[in-house]
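This report describes one protein chain for a reader who is new to structures. Look at the sequence and the model first, then read on.

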Amino acid sequence: AERFEEVPLAPPDSIFKLTAAYKADTHPDKINLGVGAYRDDNGKPWVLPVVKKATDILLNDATLDHEYLNITGLPEYTAAAARLIFGPDSPVITEGRVASVQTISGTGANHLGALFLSKFYGWNDKRVYLSDPTWVNHHAIFPQVGVPVSTYPYYDPQTIGLAFPAFLDALKNAAPRSVFLLHACAHNPTGVDPTREQWGAIADVMLEKGHFAFFDSAYQGFASGDLENDAWAVREFVRRNVPLLVCQSFAKNAGLYGERVGALHVVGASKEAAARITSQLSVLARAEISNPPAHGARLVSLILNDPALFAEWKRDIKTMAGRIIDMRKELHRLLTEELKTPGNWDHIVNQIGMFSFTGINPTQSQALVEKAHVYLTANGRISMAGLNSHNVRYFATQLDKAVR
Ligand code: PMP
């Protein structure tokens with residue numbers, strides 16, 4: 001046992017497996033719709049022009065060195081990141097009530113948030129409620145720090161929309177002061193978000209029951225093309241004083257996937273409480289990573305703190321969100337007008353963000369992978385970013401075939 005001979009082989013990550021199969025496929029029309037990363041109209045990764053500019057500035061900055069950052073990260077980055085999600089005029093910002101720590105992208109923020117709650121939350125019933133379905137990693141992150149997971153109904157396959165009444169019932173039936181993980185916008189994997197009215201009703205029940213909102217914000221700006229719009233739910237919950245934290249990622253909206261730029265923001269009851277929360281988050285972060293990586297945080301700090309770069313970033317975000325929204329419209333048009341594919345496809349244009357739940361079943365998904373060289377997960381989720389003006393027609397035709 002000391003040489004680990006008994007260690008069992010773990011199954012490969014399902015998305016990784018799908019990508020490997022895609023790479024091995026030699027068919028000229030193959031499409032990868034599994035990948036959760038933005039691609040341009042030629043199917044290539046896109047370095048945002050504003051990120052290129054910021055990189056040039058950093059490269060030419062002779063004052064920079066490779067010293068450690070603070071345990072809690074680059075202060076001008078975490079402060080700007082907090083203003084971005086809460087809004088610069090938010091009372092939680094002006095009153096200094098946010099405890100912000102730089103994290104290893106959104107995953108690290110989820111992890112640190114889970115760890116912090118595990119140690120310091122006043123649980124009645126130690127568990128986190130996750131939407132059914134959710135980003136698969138949520139199911140691994142919480143148990144890893146000793147927080148069991150339960151699910152709440154979220155997606156209704158009948159309507160290919162939100163299972164709203166069942167969701168509200170789950171909020172009502174959970175023990176008081178339960179923790180609910182909510183996707184701030186662009187729900188992964190369904191692309192189905194509550195309407196503003198529904199968010200209001202969710203907040204009402206959460207306040208009534210004293211629940212805690214664990215917001216995961218991985219797509220601010222990337223979803224609608226508008227940073228303010230995509231922060232609406234978080235800000236509304238802050239306005240209503242729902243207790244909450246926010247996990248923030250710049251992987252998607254700044255195209256900085258591999259740089260691991262994220263932040264955890266825990267809202268405290270007072271400035272003093274925020275200082276105490278920060279001190280404990282520092283202790284946790286110290287034991288795990290000591291200090292976060294500098295380069296990506298410097299890039300995002302430049303972009304958020306320079307008005308000209310910030311304006312350019314907003315244009316880049318519009319480019320990405322706009323292309324994805326155009327692909328939704330074109331796919332919908334091809335299915336409904338040209339191919340007259342059986343069924344209702346309005347969810348393709350009503351869903352938001354990188355992903356779309358097509359509503360096709362596992363057999364149909366498998367047929368697409370095996371016969372059409374179109375790679376997608378068995379649950380019928382497609383990454384809209386994998387579609388472009390060159391392959392959308394091929395995909396629509398193959399989808400049409402698979403459902404007939
Ligand atoms: N939360 C959700 C819902 C996501 O979709 C993702 C990215 N797949 C993340 C968090 C974290 O990603 P990252 O660690 O790359 O920021």
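In this predicted model, 13 of the 16 residues of helix α5 are buried, so the helix is largely enclosed by the rest of the structure. A residue is called buried here if 20 or more other C-beta atoms lie within 10 Å of its own.

How far apart should the ends of α5 be, at 1.5 Å a residue? Helix α5 covers residues 105–120, and its 16 residues should span 22 Å. The end C-alpha atoms of α5 are 22 Å apart, which agrees with that expectation. An α-helix has 3.6 residues a turn, so residues three or four places apart point the same way.

The shell around the ligand holds 13 residues, and the closest are S105, G106, T107, S249 and A251. Of the elements that supply this shell, α5 gives the most, with three residues. By type, the shell divides into four nonpolar residues, eight polar residues and one charged residue.

The next element to consider is a strand. Strand β9 runs over residues 244–249, and L245 has its place in this strand. Is L245 buried or exposed? L245 has 25 C-beta neighbours inside 10 Å, so L245 counts as buried. Leaving aside neighbours within four places in sequence, L245 is in contact with G113, F214, F215, L264, H265, V266 and V267. For A174, which is 71 residues from L245 along the chain, the separation between the two C-alpha atoms is 19 Å.

The table turns to the chain as a whole.

| Property of the chain | Value |
|---|---|
| Helices and strands | 16 helices and 13 strands |
| Box filled by the C-alpha atoms, along the principal axes | roughly 60 × 55 × 55 Å |
| Buried share of the 404 residues | 45% |

Why can the chain be compared with a compact globule? With 404 residues, such a globule would have a radius of gyration near 22 Å, and the chain has 22 Å, which agrees. Contacts can also be sorted by distance along the sequence. Among those between residues at least 6 apart in sequence, 75% join residues at least 24 apart.

An unreviewed UniProt entry gives "domain: Aminotransferase class I/classII large" for residues 29–398. This span is 46% helix and 15% strand, and its end C-alpha atoms lie 11 Å apart.

How values were computed: Residues are numbered from 1 along each chain as its sequence is written. This is a predicted model: local features need pLDDT of at least 70, side-chain atom pairs count only at pLDDT 80 or more; totals for chains, interfaces and linings use all residues. Helices (H or I, at least four residues) and strands (E, at least two) are DSSP runs, numbered from the N terminus. The expected span of a helix is 1.5 Å times one less than its number of residues. A residue is buried if 20 or more other C-beta atoms lie within 10 Å of its own, exposed if 12 or fewer, and partly exposed in between; C-beta atoms are placed from the backbone. The radius of gyration is taken over C-alpha atoms; the globule rule is 2.2 Å times the number of residues to the power 0.38. Two residues are in contact if their C-beta atoms, placed from the backbone, lie within 7 Å. A residue is near a molecule or strand if its C-beta atom, placed from the backbone, lies within 6 Å of it. Ala, Val, Leu, Ile, Met, Phe, Trp, Tyr, Cys and Pro count as nonpolar, Asp, Glu, Lys and Arg as charged, and the others, Gly among them, as polar. UniProt positions are given in the numbering used here, feature names are shortened, and annotations may be inferred rather than shown by experiment.
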